[in-house]
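Please consult the sequence and the coordinates alongside the text.

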Amino acid sequence: MTGHGHVDHSGENKRVALLIAVLALFLALAETGAKSAQTEALSRNVEASNLWAFFQARTIRQTTLRTAAETAALLPDGGDETRRATNSRQVAAWQATAQRYESEPSTGEGRRELAERAKAAERIRDRSMAAYHMYEYGSAAFQVAIVIASASIVTGVPLLALGGALLGVLGTVLAGLGFFAPELLHL
């Protein structure tokens with residue numbers, strides 16, 4: 001107590017101020033993680049979309065070549081051996097190109113490889129979005145914790161500081177999940 005009948009809360013207020021500073025630091029880290037995860041998710045979404053568009057283009061080209069090969073095989077050759085050999089070579093070339101469009105491991109640009117790459121980009125996108133959500137939930141917990149801890153200084157109710165600290169722990173857990181295991185919880 002001070003000389004005027006007031007309790008000196010300066011030591012307690014300093015601890016709460018330190019708690020608020022730590023919560024603000026963790027809030028900044030969670031927000032940075034959220035922005036990074038969001039940017040990664042957007043980038044991977046664009047990548048997956050581009051790969052699926054390339055996949056569709058390959059499919060259209062492959063179908064066109066197969067149709068051309070099948071149509072050419074049905075046309076009469078007119079008995080001309082040279083023409084028959086030329087047509088046969090062209091049909092074989094179209095069929096080989098159509099087959100190459102199906103799988104081209106050397107370039108990674110066959111339909112199979114494109115589908116695998118697009119699915120991998122989608123998996124990273126989904127994980128990044130889950131991380132983003134965890135970071136955002138953690139940020140919300142930190143923000144509420146800061147408000148509650150600040151209210152404890154104004155009201156002089158130490159239980160509010162404890163509530164702020166507990167929400168800070170929850171925010172830390174959620175932000176940690178965003179970093180280490182974003183798909184563990186589906187909130």
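## Basis and surface

Accessible areas come from the Shrake-Rupley method with a 1.4 Å probe, and for residues only the protein chains shown count as cover. On this basis the protein chain exposes about 11,600 Å², of which carbon and sulfur atoms supply 63%. Buried residues (under 20% relative accessible area, with exposed meaning over 50% and partly exposed in between; 1.4 Å probe, protein chains only) make up 29% of the 187 residues.

The model is predicted: local features need pLDDT of at least 70 and side-chain atom pairs count only at pLDDT 80 or more, while totals for chains, interfaces and linings use all residues. Residues are numbered from 1 along each chain as its sequence is written, and side-chain values use heavy atoms, leaving out hydrogens and water.

## Overall form

The protein chain contains four helices and zero strands, in the order α-α-α-α. Helices (H or I, at least four residues) and strands (E, at least two) are DSSP runs numbered from the N terminus.

The radius of gyration, taken over C-alpha atoms, is 32 Å, whereas a compact globule of 187 residues would have a value near 16 Å; the globule rule is 2.2 Å times the number of residues to the power 0.38. Along the principal axes, the C-alpha atoms fill a box of roughly 120 × 25 × 20 Å. Of the contacts (heavy atoms within 4.5 Å) with a separation of 6 or more, 73% join residues 24 or more positions apart.

## Nonpolar cores

A nonpolar core is a set of buried Ala, Val, Leu, Ile, Met, Phe, Trp, Tyr and Cys residues joined through side-chain atoms within 4.5 Å. The largest has 16 residues, and Tyr135 and Phe142 have the most contacts inside it. Two or more residues each come from α1 (10-74), α3 (111-155) and α4 (158-180). Apart from this core lies another of five residues, among them Leu51 and Leu114.

Beyond four places in sequence, Phe142 touches residues including Leu23, Phe26, Gly168 and Ala175. The C-alpha atom of Phe142 is separated by 9.8 Å from that of Leu166, 24 residues apart along the chain. Leu166 is found in helix α4 and counts as exposed because its relative accessibility is 54%.

## Helix α2

Thr86 lies in helix α2 (residues 81-102). The side chain of Thr86 reaches the backbone oxygen of Thr82 at 2.9 Å. With 38% relative accessibility, Thr86 counts as partly exposed.

Note on methods: Polar contact = N/O pair within 3.5 Å; in protein donor to acceptor, adjacent residues only side chain to side chain.
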